[in-house]
Amino acid sequence: MLGGLTSSSVRQFQDTEAQCGGSNEQFGLAQAIIFAVEKINNDPYLLPNISLGYDIRNYDGNITKAGKITYELFEDTLCANSAAGNKTKRKPIVALIGPFDSRTALYIGGILRMFNVSGISGTTTSGELSSNSYAHLYRTVPSDTFLAKAMVDIIEHFNWSYVAAVGLDDSYGRGGVWSLVNEATARKHPFCIAMTEFIRHEAQFPSIKYVVEELKSRQNIKVVILWDYLQRFIEEVSRQNLTDRVWILSEIYSISKENDFMDSRFSVLEGSIGFQHHDYNGHEFKESLKTILTNAMTDNMTSEWSDVEDNPWNCPGFRQVYDSSKSEQHHSNVVNEIYSSYVPYIIDAVYSAAHALDILTTDLNGIDASDLQQFDVNIKKMQKVLGRVNFTGLTGKIKFDKFGDIDSASYDIFSIERVSSETNGLKTTLVGKWENHAKSKAQLNFYREILWRTVNGETPKSECSEQCQPGTRKSSTSPCCWHCVQCPGGSVNPYPGSASCVECPKGRTANQAKTECVALPSANLSYTSVGGMFILGFATLGLLLSAVFAFNVRKIPETFSEAKRTAFSLYIFLLSLLCFHPVEWSIDGWYVTVVDCVTTLLSAYGFLGCIFLPKMYILLFRPDLNVLANIRQEVTQFSFGSNRVRVRPAVDISTQEPNVRQK
């Protein structure tokens with residue numbers, strides 16, 4: 001026997017019609033368990049000596065009730081194993097299929113671990129269940145960590161850098177939002193989650209009102225990830241007229257199914273995006289379900305539903321089926337309403353239990369179906385046996401890792417679009433697919449363009465600040481926001497949105513827009529300009545001072561005198577100027593620059609030659625003159641030769657004839 005846990009009140013906070021819709025879906029999931037069991041029993045190769053049964057019960061979204069049902073399902077099996085030879089009144093439960101929601105799964109996981117029994121779920125997606133603490137709960141549906149990767153890929157694809165995330169304050173919503181945050185962190189924050197809010201169960205309406213008001217006040221947040229299945233949240237968004245937002249819905253089924261017309265309450269969702277698990281081929285199941293529903297012409301349950309509690313036959317959609325005058329198309333529509341994308345995962349969950357039992361019976365070298373005692377003793381081995389399961393199901397390869405998860409995922413991407421320009425009606429349209437298989441890179445593919453709710457149909461922007469243009473850089477004011485600052489000095493930035501500028505190499509400078517480095521411009525200095533008059537005046541002063549000092553030192557020793565050489569260099573400079581001025585005044589263009597350069601070089605080389613060539617001559621060709629004795633002699637001659645005292649020769653008095661005055 002397989003136990004089953006379904007809930008017709010998962011969306012317990014919604015209105016009656018929504019609850020009935022939840023019942024329809026749960027009816028389909030319960031029927032999926034029955035369909036899979038009957039198909040396995042008709043398979044001659046899978047469990048050929050054993051016929052499976054089912055015991056499916058409804059826990060109404062109450063985790064306490066779910067725990068009680070789980071205990072009751074395994075109670076007879078546990079008691080039978082505790083006393084040898086004890087025969088149970090009913091067949092043992094070998095595995096549990098369910099529960100439906102992640103919140104209940106967290107609670108049930110502890111019970112399964114305590115009893116050392118196994119459960120397999122095809123609908124619980126919370127990332128919190130990927131833990132050794134819940135190793136007794138296996139899942140054929142991918143974890144929400146894959147959905148978080150898909151959402152991050154979408155956000156990066158459309159270059160949205162400033163988003164918000166809102167989730168229901170339970171395992172599903174809270175785990176999904178934090179999976180998104182962790183994925184963004186692992187990718188080094190390609191975007192900023194500027195706002196993270198959770199909607200509390202105990203104060204749902206005030207919480208929803210507060211979150212919507214907060215989103216309305218944050219005008220720069222144009223993209224909001226909604227990780228819950230609350231229709232009332234969208235109703236509040238519509239009531240507060242929160243428009244011009246792109247909503248990314250984790251569960252598009254919570255609003256509508258593909259090509260279904262949406263309620264007018266959800267008109268604010270136009271141009272939004274939603275995910276759902278890839279809808280694998282469920283044609284065979286749909287045909288089986290249509291046959292069952294078509295044959296149900298009375299209010300009485302069919303015989304195969306005798307073990308299912310609280311069946312939802314009283315919902316309007318089911319009551320319409322009873323009318324034999326309804327068309328075949330109407331029956332198909334009701335089947336589509338009951339069917340959900342989780343059905344293939346539920347069927348694979350049942351098949352996982354069957355393959356585990358097949359491995360167990362093979363290990364026992366076959367088993368007689370009537371030998372229940374021997375089989376009961378080995379039920380607790382299902383935990384290890386499930387880890388060896390490996391087969392190809394409806395959703396792909398089924399092989400569990402150490403946490404009981406599968407390593408691949410596939411999601412369909414839907415956009416919410418207006419039916420036509422003449423009406424405000426909306427519908428969901430399949431626009432793309434995201435998939436990630438084991439040991440391969442995730443792939444995001446779009447089949448068609450999304451019809452955005454913008455003026456020109458362009459992809460909407462969601463950023464705290466406008467992207468900085470080339471020639472500027474970001475100056476962050478917070479982790480999510482920035483100002484645009486022009487590149488300073490000789491630095492440039494040719495790329496938009498850059499956070500830094502690059503200095504130009506030597507010999508180049510930034511252009512006026514600061515977008516590229518250009519060669520330094522040539523500048524001709526004219527003598528009629530301010531800079532040129534300054535150079536003329538400075539040069540004239542230099543010439544006059546040089547002439548004065550050269551004159552004053554003209555008599556010092558040759559060794560120390562540079563007057564003659566300085567004078568010769570000045571002559572060369574003056575001659576160069578005399579040659580340059582006529583050219584500068586008579587022609588225009590680049591020739592002036594050439595003549596100016598030649599004049600400057602000639603003057604410079606004239607100075608160098610006149611001053612250093614004589615010294616080089618002495619050093620190289622007359623080293624005998626470069627001795628201390630010659631220098632001393634020159635100094636002595638200069639000091640005493642030019643300033644010596646002239647003395648007249650002495651006269652002998654005795655020989656001098658006296659002057660005789662003549663009278």
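## Isoleucine 69 and its contacts

Let's start with Ile69. Setting aside residues within four places in sequence, Ile69 is in contact (heavy atoms within 4.5 Å) with Leu5, Arg57, Asn58 and Tyr59. The C-alpha atoms of Ile69 and Leu5 are 8.2 Å apart, although 64 residues separate the two in sequence. Ile69 belongs to helix α2, residues 63-82; helices here are DSSP runs of H or I with at least four residues, strands are runs of E with at least two, and both are numbered from the N terminus. With a relative accessibility of 5%, Ile69 counts as buried (under 20% relative accessible area; exposed is over 50% and partly exposed lies in between, using a 1.4 Å probe and protein chains only).

A word on what you are looking at: this is a predicted model, in which local features need pLDDT of at least 70 and side-chain atom pairs count only at pLDDT 80 or more, while totals for chains, interfaces and linings use all residues. Residues are numbered from 1 along each chain as its sequence is written, and side-chain values use heavy atoms, with hydrogens and water left out.

## The chain as a whole

The chain has 17 helices and 21 strands. Of its 663 residues, 46% are buried. Among contacts between residues at least 6 apart in sequence, 66% join residues at least 24 apart.

Helix α3 covers residues 102-115, and its 14 residues reach 20 Å from first C-alpha to last, close to the expected 20 Å (1.5 Å times one less than the number of residues). Along the way, α3 bends by about 25 degrees at Ile108; the bend is the angle between axes fitted to the seven residues ending there and the seven starting there. Ile108 is itself one of the buried residues of α3, which also include Ser102, Ala105 and Leu112.

Among the buried ones are Asp144, Phe146, Met151 and Ile155. Just past α4, Asn159 takes a positive phi of about 60 degrees.

## Threonine 125

Thr125 sits in the loop between β4 (119-121) and β5. Its relative accessible area is 2%, so Thr125 is buried.

## Aromatic pairs

How many aromatic pairs does a search of the whole structure find? There are 15, where rings of Phe, Tyr and Trp (its six-membered ring) pair if their centres lie within 6.5 Å, and planes under 30 degrees apart count as stacked, over 60 as edge-to-face and the rest as tilted. The rings of Tyr138 and Phe400 have centres 5.0 Å apart and planes at 65 degrees, so this pair is edge-to-face. Tyr138 lies in strand β5 (137-139) and Phe400 in the loop between β12 (396-399) and β13 (409-418), so the pair ties together parts 262 residues apart in sequence. Tyr138 is buried, at 4% relative accessible area, and Phe400 is buried too, at 6%.

Phe233 and Trp247 form another edge-to-face pair, 5.9 Å centre to centre with 80 degrees between the planes. Phe233 is in helix α7 (231-239) and Trp247 in strand β9 (246-249), so this pair ties together parts 14 residues apart in sequence. Both residues, Phe233 and Trp247, are buried. Elsewhere, Phe158, Trp160, Phe446 and Trp452 form one aromatic cluster.

## Charges over rings

The charged end of Lys286 sits over the ring of Tyr339, 4.5 Å from its centre; for this, NZ of Lys or CZ of Arg must be within 6 Å of the ring centre and within 35 degrees of the ring normal. Likewise, the charged end of Lys474 sits over the ring of Trp482, 4.1 Å from its centre.

## Helix α16 and the UniProt spans

An unreviewed UniProt entry places the feature "transmembrane region" at residues 530-553, 565-583 and 589-613; the positions follow the numbering used here, feature names are shortened, and annotations may be inferred rather than shown by experiment. In the model, the span 589-613 is 96% helix and 0% strand, with its end C-alpha atoms 36 Å apart.

Helix α16 takes in residues 590-621; at 1.5 Å a residue its 32 residues should span 46 Å, which agrees with the 44 Å between its end C-alpha atoms. α16 bends by about 35 degrees at Phe612, and Pro614 follows within four residues. The buried residues of α16 are Val592, Thr599, Ser603, Gly606, Gly609 and Cys610.
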